[in-house]
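The following note sets out some points to consider while examining the structure. Each point may be read beside the displayed model.

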Amino acid sequence: MPQPALVADYLDALAHEFCFDRKLARRVRSEAEDHLSEAIANDAAGDATEATRRAIARFGQPREIARQYVPSSLLRQVQQVGAVLVIAIVATFVFMKGRFIWYEFLQWPLSTNWPGIGVVGPLIARYVFRAALIVGIVGWIYIASRRPAPSLDATYRQQLKRCFLLPLVSSGLLIGMVGLDAILLALRLFDTRSSWSTLIPLASFVFEVVVVATIAVLLRRTMQRTALAASLFADKQTP
Amino acid sequence: MLKGHLDMIVLAALSDGPAHGYAVIQEIRRRSRGEFNLPEGTIYPALHRLEQGGLLSSRWAAGETGRRRRVYSLTRSGSRALTDQRALWQRFTDAIGGMFGETSHAPARSGR
């Protein structure tokens, strides 16, 4: 077998193990390729195929290498979720506040047909938002203060679980608040004749939905990647 | 035992200046006089982790052959961490040295 094919096969196998982080897979493949080229070139023995085999053997098993990247990769992914969540909370606040300013400017109160919801609804929305904000900030600070560990030991797994749960709870509250906002907006629009002035709250609400949907997609992707990373340890008793 | 000190070993190997992964491995082998012969692929996750922890920085650079390679260097935090680890290790080895020293002298004292 020619020597480049051996290296290519090994690099393919290595990249394949990084199904939990495609960006990282490209970086690792690139570094491993450079490393193997250097190791083969510096091998004193004459046979290129044997030198390639030795370099690959010294580099290690692809799965074992991929496992060692899991702690830092998962932390980086939850760090991204934490940062996007804080931006999402701020954006939601701006859209929500902007809508209320618009309602006041147009003196556009909630219909008197819904007196209970008109009082309780915004109050619940406000407290749910505050809870999402507090949990989100606590989560962000907690995530930002974590450092990647060399292995996925029990303590680190617990920390990662918290890093994931805090944004999940905050996002859940934010989604709940947006749902409540949708009801309040629908009630407000229900009794109003459609005009250009209704487009402003509608547009701001659409943006709010997009922001929350982005967070939901990001969380789902992180969950999928975590499951993929966990599958690397399936054949290992203690990760 | 070596695995538990890998971060310190990698930081120490980079203390003379920036280097790419293969050069870091060579430097570890050279400084340990061949005693530390790790699977070479294990150095890269450590480099990545240390970079994420802010102790190293990295950039892509063109090598002599024109191939792109990632070059790592110590950050200010990395240098500080290495100094702290070195001091800690020195205290530890002094203490262990003292323990072995006392053990070797103990029979002589009891014989008096």
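**Notes on a predicted model**

1. Of the 239 residues that make up chain A, 30% count as buried. The model is a predicted one, and every value below is computed from it.

2. The secondary structure of chain A consists of seven helices and zero strands.

3. The overall dimensions of chain A deserve attention. The C-alpha trace spans about 90 × 40 × 25 Å along its principal axes. Chain A has a radius of gyration of 26 Å, whereas a compact globule of 239 residues would have one near 18 Å.

4. Among the contacts in chain A with a separation of 6 or more, 81% are between residues 24 or more positions apart.

5. How is chain A divided into domains? The domain assignment gives domain 1, residues 3-60, and domain 2, residues 69-231. The C-alpha centres of domain 1 and domain 2 of chain A lie 43 Å apart. The contact takes five residues from domain 1 of chain A and five residues from domain 2 of chain A. On the side of domain 1 of chain A that touches domain 2 of chain A, there are four nonpolar residues, no polar residues and one charged residue.

6. The two chains also meet: 19 residues of chain A are in contact with 17 residues of chain B. On the side of chain A that touches chain B, the elements giving two or more residues are α2 (22-41), α3 (48-59) and α4 (62-105) of chain A. The largest share of that side, eight residues, is contributed by α2(A). By class, the residues of the side of chain A that touches chain B are seven nonpolar, six polar and six charged.

7. In soluble globular proteins, nonpolar side chains tend to be buried together. In this model, the largest nonpolar core has 63 residues. The residues with the most contacts inside this core are V78(A), A132(A), L174(A), V10(B), V24(B) and L47(B). The largest share of the core, 11 residues, comes from α4(A). Domain 1 (3-60) and domain 2 (69-231) of chain A each give at least three residues to this core.

8. Which residues does V24(B) touch, not counting residues up to four places away in sequence? With that exclusion, V24(B) touches V10(B), A13(B), L14(B), A19(B), I43(B) and Y72(B). Both V24(B) and V10(B) are listed with the most contacts inside the largest nonpolar core.

Notes. Residues are numbered from 1 along each chain as its sequence is written. Chains are lettered from A and ligands numbered from 1 in the order in which they are written. This is a predicted model: local features need pLDDT of at least 70, side-chain atom pairs count only at pLDDT 80 or more; totals for chains, interfaces and linings use all residues. Two residues are in contact if their C-beta atoms, placed from the backbone, lie within 7 Å. Helices (H or I, at least four residues) and strands (E, at least two) are DSSP runs, numbered from the N terminus. Ala, Val, Leu, Ile, Met, Phe, Trp, Tyr, Cys and Pro count as nonpolar, Asp, Glu, Lys and Arg as charged, and the others, Gly among them, as polar. The radius of gyration is taken over C-alpha atoms; the globule rule is 2.2 Å times the number of residues to the power 0.38. A residue is buried if 20 or more other C-beta atoms lie within 10 Å of its own, exposed if 12 or fewer, and partly exposed in between; C-beta atoms are placed from the backbone. Domain bounds come from an automatic or database domain assignment. A nonpolar core is a set of buried Ala, Val, Leu, Ile, Met, Phe, Trp, Tyr and Cys residues joined through C-beta atoms within 7 Å.
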